[in-house]
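The following note sets out points for a colleague who is reviewing the coordinates. Please read each point with the structure open.

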Amino acid sequence: MHIILFGPPGVGKGTQAKILSERFHIPHISTGDMLREEIKHQTDLGIKAKVLMDAGNLVADDIMIGMIRSVLQSHECVNGIILDGFPRTVEQATALETMMQELHISLKRVLYIEVTEEHIMERLVKRLSVEHRADDTAETITKRITIYKQSTAPVKTYFESRGLLSSVNGEGSVEVVAQRMLEALK
Ligand code: ADP
């Protein structure tokens, strides 16, 4: 079962992805986490990605597409994945569609987590004080939301036009939101 979790930064994709991953016994693949691993190990990609991520910018499409290609082909992902953080541009979305066709994978659903903008700011500011992520500063939060609106929001329309998108209200407790996600997958 291949599922995409989609929505603006700070809506709780990571938290919900973990719950779905445990429920369906399929791996949670977060491109943000993968990039942070690269940074930790100071790989060439990590060094390049860090500059972009810290400034709130996106990493290049061809790099991200290559990363997801190997994930989809990996043994641990044969039964499905909960994809979190990809696709983030229409170019990534079309590349994913082609890759899935080539690999005979059918996408079950794109779950779009909906939260008001005030809530998003609140959550990101909170995360700033808890996780100390290098890209959670006041300026980069604003930058990431702007980039989301420009480059990532069109991905929602893309999946909507394919009849694959389900909107899930992301406000409420973690459990309540998780329940809504499960309902949307029925
Ligand atoms: P958030 O949960 O706040 O959206 P992520 O952990 O998903 O943050 O991503 C952190 C950063 O990693 C992004 O701001 C971006 O720079 C980079 N990144 C992650 N996924 C992608 C992607 N699919 N395309 C381009 N950049 C990405």
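This is a predicted model: local features need pLDDT of at least 70, side-chain atom pairs count only at pLDDT 80 or more; totals for chains, interfaces and linings use all residues.

1. His25 has a relative accessibility of 71%, and it is therefore classed as exposed, the cut-off being over 50%. The residue sits in the loop that links α1 (13-24) to β2 (28-30). Its phi is positive, near 55 degrees, although His25 is a residue other than glycine.

2. His104 is not a glycine, yet its phi is positive at about 55 degrees.

3. Which two residues does a cis peptide bond join? The bond is between Phe86 and Pro87, with omega at about 0 degrees. Pro87 belongs to the loop between β3 and α5.

4. Which residues of α5 are buried? They are Gln92, Ala93, Ala95, Leu96, Met99 and Met100. These residues lie on the same side of α5, because the arc they cover around the axis is only 165 degrees. The elements covering the buried residues include β1 (2-6), α4 (61-73), β3 (81-84), β4 (107-114) and α7 (138-161). On the face turned away from the buried side, α5 carries the exposed residues Gln101 and Glu102.

5. Glu97 is also part of helix α5. Its relative accessible area is 29%, so Glu97 is partly exposed, falling between the limits of 20% and 50%. Beyond its neighbours within four places in sequence, Glu97 is in contact with Tyr158 and Arg162. With Arg162 there is a polar contact between the two side chains, at 2.9 Å. The C-alpha atoms of Glu97 and Leu107 are 8.6 Å apart in space, and the two residues are 10 residues apart in sequence.

6. How many residues surround the ligand? There are 19, and the closest are Thr31, Arg36, Asn57, Arg88 and Arg144. Helix α2 (residues 31-40) supplies the largest share of this shell, namely 4 residues.

7. For Arg36, a polar side-chain atom is 2.9 Å from a ligand oxygen atom. For Asn57, a polar backbone atom is 2.6 Å from an oxygen atom of the ligand. For Arg144, an N or O atom of the side chain lies 2.7 Å from an oxygen atom of the ligand. On its own the ligand has 560 Å² of accessible area, and the protein covers 96% of that.

Terms used:
Residues are numbered from 1 along each chain as its sequence is written. Side-chain values use heavy atoms; hydrogens and water are left out. Buried means under 20% relative accessible area, exposed over 50%, partly exposed in between (1.4 Å probe, protein chains only). Helices (H or I, at least four residues) and strands (E, at least two) are DSSP runs, numbered from the N terminus. The arc is that of the directions from the helix axis to the C-beta atoms. Contact means heavy atoms within 4.5 Å. A residue is near a molecule or strand if one of its heavy atoms lies within 4 Å of it. A polar contact is a pair of N or O atoms within 3.5 Å; within protein, one must be able to donate a hydrogen and the other to accept it, and residues adjacent in sequence count only if both atoms are side-chain atoms. Accessible areas come from the Shrake-Rupley method with a 1.4 Å probe; for residues, only the protein chains shown count as cover.
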